[in-house]
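Here is a short briefing on one helix pair and several salt bridges. Please look over the sequence and the model first.

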Amino acid sequence: MSILTRKADRIDRLAEQPGLSLWQDALVRLRRSPAAIVGAIIVLTFVVIAIVGPLIVPHDPIAQTWRGEISEARGAFPGPRAENWLGVDHLGRDEFSRLIVGARQTLIVGVVSTLLGLAVGVLVGGIAGAAAGLGGRAGRWIDSIIMRFVDMLLAVPSLLLAVSVAALLGQSLATVMIAIGVVSVPIFARLLRGAMLAQSESEYVTAAIALGVPQWKIAWSHLLPNSVGPVIVQATLTLATAIIEAAALSFLGLGNADAAIPEWGVMLADAQRYLSVRPEWAVYPSVGIIVIALGFTLLGESMREALDPKLRR
């Protein structure tokens with residue numbers, strides 16, 4: 001059999017194989033990525049702990065059961081033992097139970113704040129992208145006004161902006177979610193706007209315009225579905241940042257007004273006074289924050305690479 005015949009047979013076999021969509025191909029590549037697998041395992045473990053953990057913790061995370069065994073004057077704090085796997089904190093509360101229950105608070109803040117920023121960012125970016133790509137001169141004016149406001153938000157450092165919003169709204173868990181959500185709005189808005197502008201130059205958009213399809217329908221049915229992929233990937237990466245920023249706000253005293261409710265940022269702040277006698281109190285929540293942020297980062301970066309058209313074969 002000649003070389004040309006073998007090549008022709010190979011081309012015929014490839015032609016007979018069913019094609020994969022962008023998302024199907026991305027899923028196949030994610031399954032082959034060690035970084036994606038590790039990230040998914042970390043995230044899934046964190047989610048399970050956050051959901052199931054508060055139901056199976058060995059002790060009440062708020063009860064000061066072992067307060068009588070603590071002497072701050074002598075620096076006497078019960079360490080790890082059979083009854084308390086990670087010891088007790090400065091108020092006699094079980095450290096392991098507080099760490100597990102604190103995962104739920106961290107997950108709630110991270111997910112809600114990211115969804116809030118995603119919803120507002122998609123709305124703002126979608127309006128700007130549709131106006132710039134399909135609205136002519138008037139649309140470009142609308143896009144310019146919207147994006148100058150977005151640029152103002154981007155000009156302020158993210159943590160400083162979050163602290164400012166949290167300080168204006170007052171100390172509460174909802175305040176932390178809103179503050180972190182506001183920080184992520186310009187990121188999603190600019191990303192979606194750029195993707196929609198790129199899609200507006202596509203041939204299918206030109207054909208839809210030539211057929212007289214209304215502009216709002218083109219934006220809603222064509223531009224938005226084909227532009228939202230990178231935004232979803234960015235949301236995964238933003239979750240990691242949201243968890244870190246939520247812990248930072250709680251550490252600064254801008255989180256939940258009830259300090260008894262376990263939260264990793266609050267636990268880290270409480271541990272600062274006792275670093276000389278119990279440095280592990282700061283290590284436990286710090287490791288939790290680092291590991292879960294790493295998990296979301298690995299998963300998000302793997303998704304970004306899997307959806308990159310330049311890397312598709």
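Is R148 buried, partly exposed or exposed? At 44% relative accessibility, R148 is partly exposed (buried is under 20% relative accessible area, exposed over 50%, partly exposed in between, with a 1.4 Å probe and protein chains only). This is a predicted model: local features need pLDDT of at least 70, side-chain atom pairs count only at pLDDT 80 or more, and totals for chains, interfaces and linings use all residues. Residues are numbered from 1 along each chain as its sequence is written, and side-chain values use heavy atoms, without hydrogens and water.

**Salt bridges**
- The structure holds 8 salt bridges (a side-chain nitrogen of Lys or Arg within 4 Å of a carboxyl oxygen of Asp or Glu).
- R148 pairs with D151, with the closest N and O atoms 2.8 Å apart.
- Both lie in helix α5 (residues 136-155), 3 residues apart, about one turn of the helix (helices are DSSP runs of H or I, at least four residues, numbered from the N terminus).
- D151 is partly exposed, at 25% relative accessible area.
- Salt bridges with shared partners link D89, R93 and R98 into one network.
- In the R98 and D89 bridge, N to O is 3.7 Å, and both residues are buried.
- E69 and R81 form a salt bridge at 3.0 Å, N to O.
- E69 is partly exposed at 40%, and R81 is partly exposed at 29%.

**Helix contact**
- The axes of α10 (residues 229-251) and α11 (residues 264-271) come within 7 Å and cross at roughly 45 degrees (axes are lines fitted to C-alpha atoms over the stretch in contact, and angles run from 0 to 180 degrees between N-to-C directions).
- The contact is made by A247, S250 and F251 of α10 and G265, V266, L268 and A269 of α11 (contact means heavy atoms within 4.5 Å).

Conventions: Helices (H or I, at least four residues) and strands (E, at least two) are DSSP runs, numbered from the N terminus.
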